[in-house]
Protein chains: 2
Amino acid sequence: MQKKSKEQEQKPKSQEGLTVKKEENFSEWYNQVVQKAELADYSDVKGFMVIRPNAYSIWEAIQSYLDKRIKLLGVRNAYFPLLIPESFFKREAEHAQGFTPEVAWIANKNDQEHGKTERLAIRPTSETIIYDSYSKWIRSWRDLPLRINQWCNVVRWETRATRLFLRTREFLWQEGHCVYSSKGECDKETLQFLEEYKKMCKEILAIPVLAGRKTDNEKFSGALYTLSIEGIMPDGKALQLGTSHNLGQGFAKSFNISFLDKNGKSGVPWQNSWGVSTRLIGAVAMAHGDDRGLILPPKVAYNKVVVIPLLFKGKEEKVLAKAKEISKELESFNPILDDRDNTPGWKFSEHELKGIPIRIEIGPKDIEKRQVTIVRRDTGKKLEIKEAGIKKEVENLLNDIQDSLFKKAKKSFDEKITQVKDMPELKRAITSQKVALAFFCESSKCEEDIKEKTDGAKAINMPLEKMKKQGKCVVCNKKVTEVVYIGKSY
Amino acid sequence: MQKKSKEQEQKPKSQEGLTVKKEENFSEWYNQVVQKAELADYSDVKGFMVIRPNAYSIWEAIQSYLDKRIKLLGVRNAYFPLLIPESFFKREAEHAQGFTPEVAWIANKNDQEHGKTERLAIRPTSETIIYDSYSKWIRSWRDLPLRINQWCNVVRWETRATRLFLRTREFLWQEGHCVYSSKGECDKETLQFLEEYKKMCKEILAIPVLAGRKTDNEKFSGALYTLSIEGIMPDGKALQLGTSHNLGQGFAKSFNISFLDKNGKSGVPWQNSWGVSTRLIGAVAMAHGDDRGLILPPKVAYNKVVVIPLLFKGKEEKVLAKAKEISKELESFNPILDDRDNTPGWKFSEHELKGIPIRIEIGPKDIEKRQVTIVRRDTGKKLEIKEAGIKKEVENLLNDIQDSLFKKAKKSFDEKITQVKDMPELKRAITSQKVALAFFCESSKCEEDIKEKTDGAKAINMPLEKMKKQGKCVVCNKKVTEVVYIGKSY
């Protein structure tokens with residue numbers, strides 16, 4: 001048995017508060033905020049994490065928003081097996097090469113009952129197992145487009161150090177897999193899903209992103225091209241938050257997916273795949289948090305309000321009754337009524353650490369004045385609000401907090417992007433923790449040069465629209481219209 | 001490349017229809033209905049299945065209903081690692097013994113980075129990995145009750161033949177894991193979660209169940225006792241549909257979970273775990289389907305209505321316009337507007353096979369009369385309904401279908417249960433595909449005797465309320481008040 005002292009018992013872990021400032025040691029601040037706000041915990045299995053309720057509810061908000069959107073676009077959910085036979089992996093050569101090092105294989109069970117002995121992999125992504133099914137389901141143009149998504153876990157055996165949410169050996173995600181009869185349709189929807197991701201980041205996570213195309217070097221193994229959205233974190237590093245791949249016809253050919261068109265001729269379809277993961281939760285913590293802890297955008301906060309009765313001696317019953325009444329009135333915001341026997345200050349710190357958007361304090365004086373005291377988590381601003389009409393007031397405040405968080409994040413985002421003309425400017429930008437926007441010829445040689453000369457910064461993505469005027473590639477001076485974002489990244 | 005003939009192309013798999021009758025060959029009927037209604041498909045990996053959109057949407061309806069209920073009861077969702085270290089498994093002896101044969105271990109990756117080399121298992125259930133975290137999180141009575149649930153996949157390497165949804169090596173489920181400071185609280189909620197399951201089966205799946213306690217022989221490995229709900233399928237076999245285990249203090253002791261009570265004294269908490277799985281989807285198919293295919297209870301049907309325009313020559317535009325108008329009006333029921341260029345008969349069969357609750361036919365004559373023709377999937381009954389007020393009419397019909405399906409299932413359920421007094425009666429009951437209710441002393445010896453003498457029927461569960469009068473154990477004649485349901489089972 002673990003021994004616990006009385007003192008420990010009265011001081012929950014989360015109450016210890018953050019011991020570093022976000023500006024001073026961002027990396028350590030992140031580790032502390034994620035664990036102390038009870039978003040995630042390290043698991044006893046190295047590289048794996050526990051997603052605690054405070055974080056899982058953010059994931060549920062993302063799921064709820066995104067699932068509705070993708071269903072409106074004609075996508076339906078399904079579920080494919082966790083385990084993938086080795087032979088499937090090998091069929092698409094680039095794909096196999098890209099993923100094999102990260103694959104966990106099963107030891108004691110294999111697929112030998114089929115008359116073959118084959119190793120089974122835990123899915124690092126599901127293209128191969130899904131497209132095997134598609135080859136059985138798709139017969140004619142009537143079956144297209146086929147649009148399926150799955151919400152699931154994947155395992156990729158990362159050897160680099162774990163960062164909770166950002167880099168773990170298992171994570172949760174959704175992976176959409178669509179099949180079209182033409183390249184045009186595939187291109188269009190590959191972009192459309194990326195735009196949905198961008199919109200989601202803005203509307204519920206309050207995070208602005210760079211939307212663009214990955215360079216050939218950075219694209220998904222087996223894709224024709226990869227589109228991505230990338231956040232810029234407070235330390236100036238880019239964080240890839242979602243991808244949408246046009247897979248071309250490569251997988252279709254490898255998996256014998258074909259369809260008869262309206263004239264009875266056999267054709268090879270076009271495919272895309274697209275995904276976002278629980279990494280988004282890490283981005284929310286990084287983007288908005290402060291030295292007191294997490295700041296949750298109201299749209300992803302499970303409890304949008306905490307009601308704290310100020311229990312002055314002799315007035316307890318009256319104050320508590322009022323606090324209950326107010327909580328009931330604000331039911332639709334899923335309020336916490338914190339009537340535990342700790343001091344108000346203790347409770348304030350606790351809920352600030354956890355990032356609850358609005359705190360409502362109710363004391364005897366408030367009751368006399370038929371008002372409550374409201375404190376915004378994002379600005380710390382105190383307001384006295386009349387009891388009558390409190391629901392509407394809270395709703396407006398939550399909307400305002402949501403908007404303010406995006407505006408603040410967008411300002412910081414814009415300040416972190418700087419246009420550069422040549423290598424010295426690029427180096428200065430990277431040294432000062434900025435993301436550089438530069439003309440770029442997209443040659444592998446120049447891309448390698450960038451990495452070498454900037455101490456590891458790389459091409460983040462290339463904006464989808466070309467520039468109107470030509471400029472010189474930041475490395476080789478070739479005249480081009482394409483530009484690229486360059487920066488350090490997670 | 002697979003070759004496909006023109007004929008194949010015009011005849012989707014699902015259109016082949018069922019080739020056996022439910023009464024004549026129930027097992028084959030089930031296999032066909034599950035595959036032809038596109039609920040599930042076998043995977044290339046033996047024992048694993050693909051849950052197709054038509055079935056996954058049933059799972060989503062279950063999730064949506066149950067998730068709301070369990071949140072109301074104070075449970076929050078979280079996510080714990082897929083992989084479990086071998087040492088965790090071994091800590092609770094009975095549990096380890098129960099699950100080890102079914103565990104898939106990882107081959108090429110292990111937990112050696114911790115300074116130990118340890119095998120990792122894919123979770124067959126998550127008690128051990130979750131309770132390791134609980135031992136870190138629980139310090140005092142303030143942390144209790146702790147109620148967490150996770151929606152996830154689990155792998156159990158079944159060696160028996162696969163039945164889609166009923167017995168596969170991977171399935172989806174929810175597993176709730178709660179910790180309480182007292183046995184009383186734990187007992188109460190263990191029962192409460194079982195009652196939630198029973199209610200869900202009735203309210204959305206339209207399936208009546210036997211709720212009771214498993215005998216000691218049949219309880220969960222490591223539990224104090226197990227409560228279960230069991231459906232009775234049309235072939236008279238019981239199908240376990242959900243369990244709620246009171247785990248006692250065994251896991252808490254094995255995982256060093258302790259808490260300081262209000263007096264500062266250390267105590268060992270009580271735990272329960274409870275789950276339902278995608279097996280429920282199989283139960284829905286079995287319980288309600290007929291010789292034409294699936295019959296979906298409206299509350300779990302993704303598309304509750306299909307609108308079929310009868311496109312007589314020269315009237316196509318007018319009919320199609322009306323069909324669109326009606327579909328728009330019925331938007332909240334997520335209708336399919338089937339305007340494909342197949343014959344109406346072809347479409348009728350297709351949607352009957354897939355179990356869509358209501359079919360609406362619209363032809364030129366209907367338009368003249370300002371009406372539509374409605375066909376109920378459950379009874380096949382045709383109704384002519386005035387266009388005005390169609391939404392309300394459809395809503396009423398859907399409610400009626402939902403109720404009728406439960407009533408019909410309940411009638412069949414009641415007919416399948418028969419009280420027996422002695423072994424000859426028990427044998428006759430089992431031979432005639434019934435579930436027997438018998439007095440039972442709960443000795444292992446008598447339980448074994450039942451299996452032997454009935455060719456494998458077993459104790460399903462024991463009703464939670466004892467009988468008012470004593471009776472004689474069906475095997476040993478000992479006087480008891482307990483009764484047990486006995487039957488063949490899946």
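Visitor: Which residue stands opposite Tyr180(B) in strand 13 of chain B?
Guide: Trp270(B) does. This is a predicted model, where local features need pLDDT of at least 70, side-chain atom pairs count only at pLDDT 80 or more, and totals for chains, interfaces and linings use all residues. Residues are numbered from 1 along each chain as its sequence is written, while chains are lettered from A and ligands numbered from 1 in the order in which they are written.

Visitor: How many bridges join strand 7 of chain B to strand 13 of chain B?
Guide: Eight, and the two strands run antiparallel. Strands are DSSP runs of E, at least two residues, numbered from the N terminus. Two strands pair if DSSP finds at least two bridges between them.

Visitor: And in which sense does strand 6 of chain B pair with strand 7 of chain B?
Guide: Antiparallel, over ten bridges. Asn153(B) has Leu172(B) as its bridge partner in strand 7 of chain B.

Visitor: Why is strand 7 of chain B largely enclosed?
Guide: Because nine of its eleven residues, 170–180, are buried. Buried means 20 or more other C-beta atoms within 10 Å of the residue's own, with C-beta atoms placed from the backbone.

Visitor: New topic. What rotation superposes chain A on chain B?
Guide: One of 180°, with 0.0 Å of shift along its axis and RMSD 0.0 Å. The copies are thus related as by a two-fold rotation axis.

Visitor: Which C-alpha of chain A is nearest the axis?
Guide: That of Ala107(A), 1.9 Å from the axis.

Conventions: A residue is buried if 20 or more other C-beta atoms lie within 10 Å of its own, exposed if 12 or fewer, and partly exposed in between; C-beta atoms are placed from the backbone. Helices (H or I, at least four residues) and strands (E, at least two) are DSSP runs, numbered from the N terminus. Copies are superposed by least squares on the C-alpha atoms of residues with pLDDT of at least 70 in both.
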